[in-house]
Amino acid sequence: MSVVIYHNPRCSKSRQTLALIEDKGTPVTVVKYLEETPSVATLSELLTKLGFSSARELMRTKEDIYKELELQNEQDEQALLNAMHAHPKLIERPIVVNGDKAVLGRPPENALEII
């Protein structure tokens, strides 16, 4: 099974994580999630694979759009998932997936746990 990374090439942690995976010789599929926005169902699956109990754990809470949408006050998980789908900039990065497991590449070495 191939490893998948939800990647933002402009993010240094994302680039470092991808390089670490490639240096290990692990086949990797790169999903540029800002261009290929994950569906709400995919985001929900990622939460499960990451072991997160709330969509907020996968959100970049310091993004301007987070504040503009007043998501800090949002309690509905579906609304948080919908916001990440509509505004993929809100999705924390990078996410590395291997089968039924996933980790955030913060720090990049986290990816080594599942590859």
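Predicted model: local features only at pLDDT ≥ 70, side-chain atom pairs only at ≥ 80, totals over all residues.
The buried residues of helix H4 pack against helix H2. H2 spans residues 40–50 and H4 spans residues 77–86.

**Packing of H2 and H4**

- The axes of H2 and H4 come within 9 Å and cross at roughly 115°.
- Angles of 65 to 115 degrees count as roughly perpendicular, and H2 and H4 are therefore roughly perpendicular to each other.
- The handedness of the H2 and H4 crossing is right-handed.
- On the H2 side, the contact is made by Val40, Leu43, Ser44 and Leu47; on the H4 side, Gln78, Leu81, Asn82, Met84 and His85 take part.
- Sorted by class, this contact of H2 with H4 has five nonpolar residues, four polar residues and no charged ones.

**The buried face of H4**

- Leu80, Leu81, Ala83 and Met84 are the buried residues in H4.
- Viewed down the H4 axis, these buried residues fall within an arc of 160°, so they line one face of the helix.
- An α-helix has 3.6 residues a turn, so residues three or four places apart point the same way.
- Leu81 and Met84 are buried, and both also belong to the H4 side of the contact with H2.

- With neighbours within four places in sequence left aside, His7 is in contact with Ser14, Arg15, Leu18, Val30, Val31, Lys32 and Tyr33.

**Backbone features**

- Most residues other than glycine have a negative phi, and most peptide bonds are trans.
- Arg93 and Pro94 are joined by a cis peptide bond, with omega about -15°.
- Glu70 has a phi near 55°, a positive value in a residue other than glycine.

Key
Residues numbered from 1 in each chain as written. Heavy atoms only, no water. Axes fitted to C-alpha atoms, helices over the stretch in contact; angles between N-to-C directions. Helix = DSSP H or I, 4+ residues; strand = E, 2+ residues; numbered from the N terminus. Parallel < 35°, antiparallel > 145°, perpendicular 65-115°, else oblique. Left-handed = near helix turned anticlockwise from the far one by under 90°. Contact = heavy atoms within 4.5 Å. Nonpolar A, V, L, I, M, F, W, Y, C, P; charged D, E, K, R; others polar. Buried < 20%, exposed > 50% of the residue type's maximum accessible area, 1.4 Å probe, protein only. Arc of directions from axis to C-beta.
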